[in-house]
Amino acid sequence: MCSLEKRDRLFILKLTGDGEHRLNPNLLDSLRSTINQIRSDPSSSQSVLITTSDGKFFSNGYDLALAESNPSLSVVMDAKLRSLVADLISLPMPTIAAVTGHASAAGCILAMSHDYVLMRRDRGFLYMSELDIELIVPAWFMAVIRGKIGSPAARRDVMLTAAKVTADVGVKMGIVDSAYGSATETVEAAIKLGEEIVQRGGDGHVYGKMRESLLREVLIHTIGEYESGSSVVRSTGSKL
Amino acid sequence: MCTLEKRGDLFHLTLTGDDEHRFHPDTIASVLSLLEQAKSQSTKGSVLITTGHGKFFSNGFDLAWAQSAGHGAIERMHQMVKSFKPVLAALLDLPMPTIAALNGHAAASGLMFALSHDYVFMRKDRGVLYMSEVDIGLPVPDYFSALVVAKVGSGIARRELLLSGKKLKGEDAVALGIVDSAAHDSAEGVVEATVSLGESLAAKKWNGEVYASIRRSLYPELCRMLELTANNLATHNH
C-alpha cells in the first residue's frame with residue numbers, strides 16, 4: 001500500500017507496488033494514518049515530507065471500478081481524499097511530491113496538494129482526465145486547481161482540453177517546479193531539496209499555519225467553513 | 001446582423017455587414033437566439049467559432065441609440081447592460097468549446113463578448129482590444145470586471161486592460177496573456193487557424209454537458225454574477 005522511511009529529517013512516503021495506486025478506501029486510510037504518524041513524530045516541525053511512488057504510476061485516480069460496483073464508495077473515497085488533502089495542507093512541514101509516474105484526476109490532485117512538485121521528464125504526465133471520461137469534477141478539485149495553477153489559460157488547458165501535461169510543459173504552465181531526466185534523478189533532487197529546506201531551519205508549525213491561510217479556499221471546500229484567524233479544524237496530533 | 005451556419009462539427013456565428021457590429025437590443029436578441037439554436041443542435045464534438053466581417057469584431061454598445069433618447073439615455077444604457085448579461089451567460093454555458101476569431105477591433109462590450117469564449121485569436125497586423133469606458137467616462141458593469149478577473153491572470157494585465165485606456169495590439173494582448181494567439185496577418189488567416197483548432201477539439205468528441213459543467217466550475221465568481229449555477233458549486237456535502 002504505502003511505506004514510510006525516515007532519513008534524518010526527511011520523511012519519505014512511498015506508494016508501493018507496481019500497480020496504478022488507485023485511491024481506494026484502503027490506500028487512502030493507509031496514507032492518512034501514515035501522515036498522522038508523521039505529524040505526531042517529535043521532530044515533525046523540523047522535517048520535510050517527500051511523497052513518491054513505485055512503478056509507472058504516481059496514482060491513476062480513484063478506484064472507479066470499485067465505485068461502479070458499489071456507488072456509495074464514491075462518496076467514501078471522496079471524503080477520505082478530502083481529509084487527506086486537508087491533512088497535507090495543515091501538515092507542520094514542507095511537502096514535496098516527487099512525481100515519477102502518471103498522476104491522473106484524483107491522483108493529480110494528490111500530487112498538486114504538495115508544496116513542491118518535482119517530476120521526471122522522460123515519462124509520465126499529469127492528466128485531469130475527467131472531460132475525456134465524462135466524470136464530474138468535484139468543486140473542491142477546482143479549488144485545488146485554482147489554488148495551484150495561476151494562469152487562466154493554463155487552467156483552461158488542464159481542465160478543458162484534458163491535457164496530458166509532461167514535466168517540461170508543466171514547468172512552463174507553472175504547475176511543476178522542476179523536471180529531471182529519470183525517476184531516480186527526480187527522487188534524488190527531492191531529497192536534495194528536502195535537505196536544503198531542513199538546513200534553512202524554521203518552525204514547521206508556523207509554516208503549516210501559513211500554508212493553511214494561503215490555501216484557505218481549498219480548506220473551506222475540503223472541510224467546510226471555519227473561523228478566520230483560528231486554527232483550522234484538524235486534530236493537530238501531537239499538540240492535543 | 002448575424003448568422004449561424006453549421007459546417008461539419010463547427011458552428012460558425014458571424015457578425016455580418018461592414019458596420020461596427022455594435023450591441024443594440026435587436027442584435028443582442030439575435031445573438032442570444034442564435035446561441036440558443038447552437039445549443040439545441042449541439043452534439044458530441046460540436047464547436048462554436050465566432051467572427052465578424054469588416055474592420056470591427058464589435059465596437060461595443062450602441063451608444064448613439066442610447067443618446068438619441070435624450071433624458072431616456074441612461075435607461076437605455078441600463079437596458080443594454082442588463083440584456084447583455086444573458087449573452088455572456090449563454091457563452092459560458094454553451095455545451096461545446098467556443099473560439100473567438102477576431103477579424104478586427106473589439107471594444108468594451110464587444111471585447112467582453114470575445115473574452116467570454118474559451119479561446120481568443122486575434123490578427124497580428126490589425127485590430128486592437130480597447131476598454132473604452134475609462135476614456136468616455138462610463139462605469140464598467142460589475143460582470144465585465146468579473147469576466148476580466150476570471151480570464152486575465154496578472155494584476156498588470158488587468159490594469160492594462162481595464163484601467164489604462166490603451167488600445168492593445170495583437171502581440172501586446174498575447175504578451176499580457178489576454179488572448180491565445182496573434183499570429184496571422186489577415187482575417188482569413190485567423191479564421192483558418194481557429195477552424196484548425198476547432199477541428200482538433202471536435203475530434204475529441206467530448207460530451208458537451210460535461211464540458212460546460214467543467215467550464216462553469218473554472219469561473220465560480222463570474223458564474224455567480226451571471227446567475228449561472230454551476231452544477232458543482234454545491235458545498236462539500238454532495
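Two strands are said to pair if DSSP finds at least two bridges between them. Strands here are DSSP runs of E with at least two residues, helices are runs of H or I with at least four, and both are numbered from the N terminus. In E5 of chain B, the bridge partner of Leu48(B) is Thr98(B).

Before I go on, some housekeeping. This is a predicted model, where local features need pLDDT of at least 70, side-chain atom pairs count only at pLDDT 80 or more, and totals for chains, interfaces and linings use all residues. Residues are numbered from 1 along each chain as its sequence is written, chains are lettered from A and ligands numbered from 1 in the order in which they are written, and side-chain values use heavy atoms, with hydrogens and water left out.

Let me stay with E5 of chain B, residues 98-101. On one side, E3(B), residues 47-52, runs parallel to E5(B) and is joined to it by three bridges. E5(B) also pairs with E7(B), residues 119-123, again in the parallel sense and over three bridges. There, Ala100(B) has Val120(B) as its bridge partner.

Which way do the residues of E5(B) point? Thr98(B) and Ala100(B) point one way, and Ile99(B) and Ala101(B) the other way. All four are buried, meaning under 20% relative accessible area with a 1.4 Å probe, protein chains only.

Now chain A. It has eleven helices and ten strands. Its radius of gyration, taken over C-alpha atoms, is 17 Å, close to the 18 Å that the globule rule gives for 240 residues, so chain A is as compact as a globular protein of that length. The globule rule is 2.2 Å times the number of residues to the power 0.38. Along the principal axes, the C-alpha trace of chain A spans about 45 × 40 × 35 Å.

How much of chain A is buried? Of its 240 residues, 56% count as buried. As for contacts (heavy atoms within 4.5 Å), take those in chain A with a separation of 6 or more: residues 24 or more positions apart account for 73% of them.

Last, a sheet in chain A. Four strands form an open sheet in the order E4-E6-E8-E9, with mixed pairing. The edge strands are E4(A), 57-59, and E9(A), 164-165, each pairing on one side only. E8(A), residues 126-127, runs antiparallel to E9(A), and two bridges join them. Within E9(A), Lys164(A) is the bridge partner of Tyr127(A).

Note on methods: Buried means under 20% relative accessible area, exposed over 50%, partly exposed in between (1.4 Å probe, protein chains only).
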